[in-house]
Amino acid sequence: MSDLYLNAALSGALTGLVYGLMALGLSVIFGVVRVVNFAHGEMMTAAMYGAILLSQAFKLDPLVAMAPVAIGMFILGYWLQRGLINSFVTRPEHTQFMLLVAVAIILVNGQLIAFGPNARNVQVDYALDSYQFGSVILDKVRIYAAIAALAVSAALFAFFRFSLTGKAIRACADNFLGAQVVGLDVKRLYALTFGIGAACVGTAGCLLVMLVDVTPAQGPAYTLLAFIIVIVGGMGSLTGALLAGLIVGISEAMAGALFVPSAKSMFTFALLVLVLLFRPQGLLGRTP
Amino acid sequence: MSVLFDGLPRRSLIALAVFFGLLLVAPWLVNAYVLSILVVVLYYAYAGQSWNIMMGFAGQLSLGHSLYVGLGAYTAAALFVRYGVNPWLGLVVAVGVTTVMGAIVGFLAFRFRIGGVYFAILTIAFAEFTRIGFDHAPLITAALADYTGISVDKFPALGGSGGLFLPVTNLSSNDLLNLRGAPIMFYYVMLAMTALALAFCRWLLASKLGYYWQAIRENEEAAAALGINVFRYKMIAVMLSAAMTAFAGVFFAFYYNNLFPEQIFSMNRSIELILGPIIGGLGTLFGPILGAFVLSPLADGITEVLQWAGVEIPGVKQVFYGVCLLLVVVFLPNGIWPVLAKRFKLGREQ
C-alpha cells in the first residue's frame, strides 16, 4: 500500500516540475512587467496544439518540437506586449486584468473553433515504456519531461544570472526609474521578458502534452494553477515557483491516490488557502 | 426618497421614467422570445449591480461571483426540493449562507492585506473549490460517512455532477409565493429587483458608507490614514455584495429549474456576470444595467445571424464577447455610460 503512495508521489513530483516551468513563465512576466498574464494557461494550450500539429505533420517528437514552439510563442509574447499590453503598463491593475481576460476568452474560443471540443493528445512510441527502481515504477515520458523541464529552468536561471540582457531585465524589475536613467530600452526589455515568459510556458506545454490530453476549455484551469503555484512559491521567486510546482504536483497525485483524481484541484486550492493563511508571502517569498 | 433623485437633471428623470415605463409595458409589446431575452438581460443587470458594489464602489475585484450565485441557487433549491421550504424563506437562508461565505472570503483576504490580483485569484479559487466540491457531493458525503460514521442521510444529497432538478411548473397559473409560473411573472420579479437594486445602490453611494468605499477604492493607505476602518468597510462590501447576489442565484434556480455545479459555479459565469458592469461603466449606477442591455442582445443577435447564415460553430459568441471586452478596455476604459452621460448631460452636476 505504501508503495502505491510512494509511486503516486514520485510521478506527481515529476509532473510537478513541468508545472513549475509553466509557473516560471508567469512569475517572470509578473516580476518584471508587473502585468498579470491572465491568458497564461490559454497560451500554454495554444503551445500544446502547436506540438500536436507538428507531431501530426512532421512526426516531430514533442521534445524536439519544443524548439520551434518556443520560438513561435516568443514571437507571440513579444508582439502581444509590444502591440497591446505595453500601453496598459501604467494603467490600473484591474484594467490590465480585464485586457488579458479578453485575450484569454478570445484564445480559448478561438481554439474551440479551430480544433473542436474533443480531447487530443500526442502519441510517442515510448509512451508506454517505464523504468523500475526497486518497487517504484515511473513512466519514461514523465521522466523525460521532468528532465527537460529542469534543463529549461536551469537555462532560464543562467540567462538571468549571467547574460547582459538578463541582468538588464532584472535591473528593470528592481528599479524601473533607475533602469530608464542608465539608458535601458525598457519597452524592448519588457517585450523580451513577455516573450521569454511565453517561450517558457510554450516549452512547458510541449512537455505536458506528452502527459495529459488537451481540450480548448482547459486553459483557465491552467492559468489558475500557474497562479496558485506562483503565490504558493512566493511572488518573484523563481526557485519558489519550481518548488511550489513540485509540491502541487505531489498534492494532485496524492489526491488521486487517496480520493478521486477529478477532485485533485480541491487539494491545490486548499494548499493555496493554507499558504495565504499562514505564510501570505509564499514559501520562498520575501516578507513584504 | 429625495436622496434618490437629488441633483439629477430633469431630462435624466424623464429618461429614467421612460426607460422603466417601457420595461413595465414591454410584455405587451414584444413576443415570448424577446421577453425571454429581457429576463436574461435583467438578470445580468441585477447581478452586475450586486458585483459592482464590490468592484465599482469599494475597488475589490471579485472574479468568483458565481460562487454566491451558485450557493444561493443550491440553498434555496435544495430546501425547496427536499423539504418543501417556500422559496422566499429559502432566499432568507440563501442570503445568510452567501453572506457567511462572503465573510469567510473577505476575512481570509483582508485580514492578511491580500488585495488586487491576489484577491481576485482567491475569489476564483473559492468558486472553483466549491464547484468541484458540489460535483463530488455524493462522494464526499460517502467518504465522510466512512471516516466519521456520520450517516449520509443526514445531509440532503445535492445531486452532484448529475444536477439538481426542480419540479417543472404549471405555466398556466402564476404562484408568486412559490415562484412557480410563467416567464412573465419572472420578468416582473426581476424588473422589480433590478429597480430596487438601482435605488439601493444610489442610496449606498450617497451614504457615509459609500464615501468610505470610494475613498478606499481610490487610495487605501490614504483612507486608512484618515481613520477609516478599511478592514471593516471592505468586509461590509463583500458581504453585502454576496448577500445581494444570492437573490440572482435563487431566481436562476426557480426560473431554469435545473442546477449543475459545472455550469452555475463555472468561471465563465463569473466572467459573463462582470462583463456588463465593466462595459457599461465600472462604479456607475446605470453602467451595469446599460452593459446588460448592450451585451446580451448583441450576443443573441450574433447567434441569430449565424444561425440564419447556416453556421453553427460553438465558441463564436464567446469570441465576440472577448472582442467586445477588448475594444471597450482599449478604447473606452471607463465604459459606455460615462460617455453617454456626458454627451446627453444625464449625469449629476458635480
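Among contacts in chain A between residues at least 6 apart in sequence, what percentage join residues at least 24 apart? The share is 79%, a value that, like the others in this report, comes from a predicted model.

**Chain A as a whole**

The secondary structure of chain A consists of eleven helices and two strands, and, read from the N terminus, its elements follow the order α-α-α-α-β-β-α-α-α-α-α-α-α. Chain A has 288 residues, for which a compact globule would have a radius of gyration near 19 Å, and because chain A has 19 Å, the value agrees with that expectation. The C-alpha trace of chain A spans about 60 × 45 × 35 Å along its principal axes, and 52% of the 288 residues count as buried.

**The strand pair**

Strands β1(A) and β2(A) run antiparallel and are joined by four bridges. Within this pair, Phe133(A) stands opposite Val136(A), which belongs to β2(A). The hairpin that the strands form has two residues between them, and in that hairpin Gly134(A) adopts a positive phi near 60°.

| Strand of chain A | Residues |
|---|---|
| β1(A) | 130-133 |
| β2(A) | 136-139 |

**Helix α11 of chain A**

Helix α11(A) covers residues 264-278, and its 15 residues, at 1.5 Å a residue, should span 21 Å; the C-alpha atoms at its ends are 22 Å apart, which agrees. Its buried residues are Ser265(A), Met266(A), Phe267(A), Thr268(A), Phe269(A), Leu271(A), Leu272(A), Val275(A) and Leu276(A). An α-helix has 3.6 residues a turn, so residues three or four places apart point the same way. Among the buried residues of α11(A) are Leu271(A), Leu272(A), Val275(A) and Leu276(A). What covers the buried residues of this helix comes from both chains, and includes α9 (219-233) and α10 (238-258) of chain A as well as α5 (87-111) and α6 of chain B.

**Where the two chains meet**

In the contact between the chains, 34 residues of chain B touch 31 residues of chain A. On the side of chain B that touches chain A, the helices α6 (116-135), α13 (267-280) and α15 (316-331) of chain B each supply at least two residues, and α6(B) gives the most, with twelve residues. Sorted by class, this side of chain B has 27 nonpolar, six polar and one charged residues.

How values were computed:
Residues are numbered from 1 along each chain as its sequence is written. Chains are lettered from A and ligands numbered from 1 in the order in which they are written. This is a predicted model: local features need pLDDT of at least 70, side-chain atom pairs count only at pLDDT 80 or more; totals for chains, interfaces and linings use all residues. Two residues are in contact if their C-beta atoms, placed from the backbone, lie within 7 Å. Ala, Val, Leu, Ile, Met, Phe, Trp, Tyr, Cys and Pro count as nonpolar, Asp, Glu, Lys and Arg as charged, and the others, Gly among them, as polar. The expected span of a helix is 1.5 Å times one less than its number of residues. A residue is buried if 20 or more other C-beta atoms lie within 10 Å of its own, exposed if 12 or fewer, and partly exposed in between; C-beta atoms are placed from the backbone. Two strands pair if DSSP finds at least two bridges between them. The radius of gyration is taken over C-alpha atoms; the globule rule is 2.2 Å times the number of residues to the power 0.38.
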